[in-house]
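Please keep the model open beside you as you read.

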Amino acid sequence: MRHARLNQNILETDILVLGAGLAGLRAAIAAGSSAPGLRVTLASPQRRPSGSSFANRNNALGMQAPTPDQADAFTAEALRLAAPGLADPTLVRALAEDAPACLDFLLGLGLAFRREPSGSLRLFPGCFSSIPRAVVFDGLAQAHAALLAQARGLGVEVVHGFEALGLAQEEPGGHVSGALLCALRNSPKGRQTLNVRARCVVAALGGPAPLFARRICGPGGSGFSYGLLASAGARRVNTEFLQWFWVEAASLAFVNPGELIWPSPLAPLAAERLQHCPTAFGLPDAALDLALLSRQGPDGIVRAEHRERGALDLVLAAHAGNGGALIDAHGRTSVAGLYACGECASGMHGANRLGGGMVLSALAFGARAGRAAAEEASGIAFGARPDWCAAPGADARTGLLRWLRPGMQRFGLPGVVHSPARQGFMDRLRTLVAHAQTDRRERLLARSGLAVLEGSGQTGQP
Ligand SMILES: Cc1cc2nc3c(=O)[nH]c(=O)nc-3n(C[C@H](O)[C@H](O)[C@H](O)COP(=O)(O)OP(=O)(O)OC[C@H]3O[C@@H](n4cnc5c(N)ncnc54)[C@H](O)[C@@H]3O)c2cc1C
């Protein structure tokens, strides 16, 4: 094996990719194919398909696929949706530029795309858009297997069963040179840790939806990507802008508020609301979602009247985040040696994003980050050994989440006003972050919760 395992607990590689969703696998493939001599290691908590890319309940994904002559219209539409969040026009344009290559990449994997009777790809309008330029493929386990096989064929070493609990830096805010991985399961000798030394690290850790009590993200996410990126000092944007879906409380079946019966001042907004599944920020039809939220009972349930199905009990469920580490056109974060892509990276979407835009950004910036990391890793030496070898504290895998998730659900929904109770919850999170005795995982979860509740404080253009 080309990857050097220096002993049972230390592994040396050139590029470490954290997370095996669409973004992480795309980054690993790009790194492996652009510099075949380099060692690429992909760390993933789950062996089976997981996360929102490969285990989402639709068993399908749509991707915006603008053709070169649609690039200007795509860019203008995506930027129009960005306020009150921040989107960098350079990154949005990069999505449009890379879309044909991303589509070719997926077609090359032989995925089951939906097609017209003529055999051509069927095009759909994504959420927030009336222009049919998104393609859809079914069969996420097949997609996962195809990407994993391609990565392995390029020599990428896949380390399953470990999650990253810290990024290695020689000094706070300094070059990222590895990560502390911790096994998800106990072995007879306790919980195994793996210190990975790398020339650079690509974070593809997914989004914050697992932090919430009500959620429809794919299973297997940690929810603490924002905390991990924050701990390294990466600049973050749009962390307060999650996508929320209204679902039936019992079945979690999706219900669009535009299908509900509304009194006259709000009724005219229903048609506009039908154009997108997630809640919106800054658009007039957000008034419907805020009206529903104001009617929440103590259990978070809203009784609503559907036009055809009568009375329904609805709850608001976290779907995906639009925020993350602000990256540049090469997937670089503000911290040297640290790249980010997929749902933990931002700047290519603002507060709202086009339906199918995340798959495009996971592939486009996954590929860009993987290539740039390979280029950087070819030219830099390993740094001095950083100080990250301390074992994590006691296992807190479920303890904090039992308290955190209901709190996030109560205080982290759109339109929640500031209150002493919200302040108290945030103060408790700050204490967990500051306290030296806090378990690493708890600290990351608390930090991620704060990133959502406090927001990034960045609005408008960069
Ligand atoms: C039901 C549903 C339908 C969707 N449909 C669409 C769609 O049609 N089009 C679209 O554009 N978007 C869609 N999205 C959003 C999109 O699927 C996700 O945002 C995108 O797939 C995220 O990809 P990712 O690789 O960044 O994250 P994920 O696919 O979530 O992968 C994250 C990976 O990181 C791993 N991980 C987490 N924490 C750690 C850690 N500490 N250390 C190591 N690894 C870690 C996870 O186990 C996982 O392997 C949908 C989302 C949902 C929930």
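Predicted model: local features only at pLDDT ≥ 70, side-chain atom pairs only at ≥ 80, totals over all residues.

1. Let us begin with the pair formed by domain 1 and domain 2. To the contact, domain 1 brings 17 residues and domain 2 brings 22 residues.

2. How much area do domain 1 and domain 2 bury between them? The figure is about 1,500 Å², with 59% of it on carbon and sulfur atoms. On the domain 1 side, I would look at F128, R214 and I216: together they supply 43% of the area that this domain buries against domain 2, more than any other three residues.

3. The polar side of this interface is worth a look too. Seven residue pairs are in polar contact between domain 1 and domain 2, counting pairs with both residues at pLDDT 80 or more, whereas the count of salt bridges between these two domains is zero. As for the residues of domain 1 that touch domain 2, ten are nonpolar, three are polar and four are charged.

4. Salt bridges do turn up elsewhere: how many does a search of the whole structure find? It finds 16. One example to inspect is the side-chain pair R39 and E12, at 4.0 Å from N to O. This pair links distant parts of the chain, with the two residues 27 apart: R39 sits in the loop between helix 1 (22-34) and strand 4 (40-44), and E12 belongs to strand 2 (residues 10-12).

5. Three strands form an open sheet with mixed pairing, in the order 14-18-20. Which strands lie at the edges? They are strand 14 (236-237) and strand 20 (345-346), each pairing on one side only. Strand 14 runs antiparallel to strand 18 (residues 324-326), and two bridges join them. Within this pairing, V237 has G324 of strand 18 as its bridge partner.

6. The peptide bond from A83 to P84 is cis, with omega near 5 degrees. P84 lies in the loop that runs between helix 3 (71-80) and helix 4 (89-108).

7. The other detail is N59, a residue other than glycine with a positive phi, near 50 degrees. Where is N59 placed? You will find N59 in the loop between helix 2 (51-54) and strand 5 (60-64).

How values were computed
Residues numbered from 1 in each chain as written. Heavy atoms only, no water. Contact = heavy atoms within 4.5 Å. Buried area = accessible area lost by both parts, 1.4 Å probe. Polar contact = N/O pair within 3.5 Å; in protein donor to acceptor, adjacent residues only side chain to side chain. Nonpolar A, V, L, I, M, F, W, Y, C, P; charged D, E, K, R; others polar. Pairing = 2+ DSSP bridges. Helix = DSSP H or I, 4+ residues; strand = E, 2+ residues; numbered from the N terminus.
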